[in-house]
Amino acid sequence: MKIYKFEADWCHICKAVDKILEKNEYKDLITHVNIDIEDGRTLGDLFGVRQLPTFIICSDDKTTVYERFYSCSSDEFTDFVKPHIGKA
């Protein structure tokens, strides 16, 4: 499973969320990809990114499994990822 995180250098919340990702119990089961919205504008537009950070979970064949458009706590992130472990 891959989680794409759309972010920006100027987004302080995006940097804070990185600490949540590093400590998450599922971190070894997830490939985490950061996409700077300033560099990946076309990709951000494709996925309808309107708020940072935006998380998109995709399977290896790039089928969108779930989207979430706002920052989250560690527990919320676990709740967000847990149903998709083993599916994507």
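Modeller: Cys58 has a relative accessible area of 2% in this predicted model. The cut-off for buried is under 20%, so Cys58 counts as buried.

Cys11 leads on to the disulfide. Its partner is Cys14, with an S to S distance of 2.5 Å. Searching the whole structure turns up one disulfide. The link between Cys11 and Cys14 is right-handed, with 80 degrees about the S-S bond. Both Cys11 and Cys14 are buried.

Next comes strand β3. Thr54 lies in this strand. Thr54 has a relative accessible area of 0%, so this residue is buried too. The side chain of Thr54 reaches the backbone oxygen of Gln51 at 2.4 Å.

Now the other core. The largest nonpolar core has 13 residues. Those with the most contacts inside this core are Ile3, Ile30, Phe55, Ile57, Phe77, Phe80 and Val81. At least two of its residues come from each of α1 (12-23), β3 (54-58) and α3 (74-81).

Ile30 deserves a separate entry. Setting aside neighbours within four places in sequence, Ile30 is in contact with Met1, Ile3, Val81 and Ile85.

Terms used:
Residues are numbered from 1 along each chain as its sequence is written. This is a predicted model: local features need pLDDT of at least 70, side-chain atom pairs count only at pLDDT 80 or more; totals for chains, interfaces and linings use all residues. Side-chain values use heavy atoms; hydrogens and water are left out. A nonpolar core is a set of buried Ala, Val, Leu, Ile, Met, Phe, Trp, Tyr and Cys residues joined through side-chain atoms within 4.5 Å. Buried means under 20% relative accessible area, exposed over 50%, partly exposed in between (1.4 Å probe, protein chains only). Helices (H or I, at least four residues) and strands (E, at least two) are DSSP runs, numbered from the N terminus. Contact means heavy atoms within 4.5 Å. A disulfide is a pair of cysteine sulfur atoms within 2.5 Å. A polar contact is a pair of N or O atoms within 3.5 Å; within protein, one must be able to donate a hydrogen and the other to accept it, and residues adjacent in sequence count only if both atoms are side-chain atoms.
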